[in-house]
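Here are a few friendly notes to read alongside the model. Please keep the 3D view open and look for each item as you go.

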Amino acid sequence: MKAAIINKFGPREVLHITEIEKPVPNENEVLIKIKLAGINPVDTKVRAGTSAMSKTLHLPVILGWDVSGTIESVGKNVSNFKPGDEVFGCLGFPGLGKTYAQFTVADPKLITKKPSDISFEEAAAVPLAGLTAYQAINEHLKVSKGQKVLVQAAAGGVGHLAVQFAKLNGAFVAGTASGENEAFLKSLGVDQFINYKTEKFEEVVHDADAILDAMGGEILYRSFACVKKGGRVVCLPSSTKNDPKAIELAKKHKVELIWPMMHPDGKEMTLIAGLMEQKKLKVKIDKVFNLDQIVEAHKQVETHGTDGKVVIMIS
């Protein structure tokens, strides 16, 4: 089968396409024929060797965690999926999902059936970002009806999904983005749009119950001025974990600061699939590349200027 692999960590050019043996599922696994795979910022950090996950990998490896495709075969102990089923999910995180390939094996507990009216592109785009957003809003920030939430980078891959989960919970949502995304975010339900290029969010958002920050650094530091005493702040970039300045600011403002680690969950994927089927959750696709364009796809993600998600077409 065709796959994109890395033999060393480094710039995006270390990714290259090669032919390798197709994997064989064990008795408790399924084999997925991949149609599309999603690319997330964490993919680029692992490839570059700057993620803590990089240190756990033995090269060469196939990267990728988001997948949509069809079941090719199932192990003898698998009863809830059959060949031909259309599925999607987040595989192996924070280990290896190996989705930059034509086939991959998967734990059936990590995938769910794809609703027929959801495209494979949408299905590939949502798993890791969707689970990250869902868990941040519901498990870590514990957002409830009537609360005020600030979502930084609200038009990004995680951000635009987090906005929707917060609105589903009945929250008032403020979101930062560039001006061209104002109409899009308001269509998702953002109550207070903040153009980060022309406004300082800390001057217009006060007494927030919760903040979801996908940036870290100065954006995180400034965010503490927006949250009320006893509130919660989730910072997503793992590279910023245990930032001394952020910890000190959290103490000063009497705020709970959380650096979460997303965990794959098939039951939550099924819940997300249901929301997509009911048109209560939309995922925005920024760009679709072919597997042969994997270097260009990583370049696009590394611009940090994507609106929504980047996916690669495998077959």
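1. Let us begin with charge. The protein has 39 positive and 36 negative charges, and their mean positions lie 3 Å apart. Lys and Arg count as positive, Asp and Glu as negative, while His and the chain ends are not counted. Each charge is placed at NZ of Lys, CZ of Arg, CG of Asp or CD of Glu.

2. A word on what you are looking at. This is a predicted model, in which local features need pLDDT of at least 70 and side-chain atom pairs count only at pLDDT 80 or more, whereas totals for chains, interfaces and linings use all residues. Residues are numbered from 1 along each chain as its sequence is written, and side-chain values use heavy atoms, with hydrogens and water left out.

3. Now the overall fold. You will find ten helices and 16 strands in the protein; these are DSSP runs numbered from the N terminus, with helices (H or I) of at least four residues and strands (E) of at least two. The radius of gyration is 19 Å, close to the 20 Å that the globule rule gives for 315 residues, so the protein is as compact as a globular protein of that length. That radius is taken over C-alpha atoms, and the rule is 2.2 Å times the number of residues to the power 0.38.

4. How much of the protein is buried? Of its 315 residues, 54% are, where buried means under 20% relative accessible area, exposed over 50%, and partly exposed in between (1.4 Å probe, protein chains only).

5. E6 runs antiparallel to strand E5 (residues 66–74), with five bridges joining them; aspartate 66 has cysteine 90 as its bridge partner. E6 is also antiparallel to strand E8 (residues 111–113), through three bridges, and here valine 87 is partnered with lysine 113.

6. Next, an open sheet: its three strands are ordered E2-E1-E4, with antiparallel pairing. Strands E2 (15–19) and E4 (61–62) are at the edges with a single partner strand each, so one side of each has no neighbour in the sheet. Two strands pair if DSSP finds at least two bridges between them; E1 (residues 2–6) and E2 have five.

7. Finally, visit asparagine 181, in the loop between strand E10 (172–177) and helix H5 (182–187). Asparagine 181 is buried, at 3% relative accessible area. Leaving aside neighbours within four places in sequence, asparagine 181 is in contact (heavy atoms within 4.5 Å) with Ala155, Phe193, Lys284 and Asp307.
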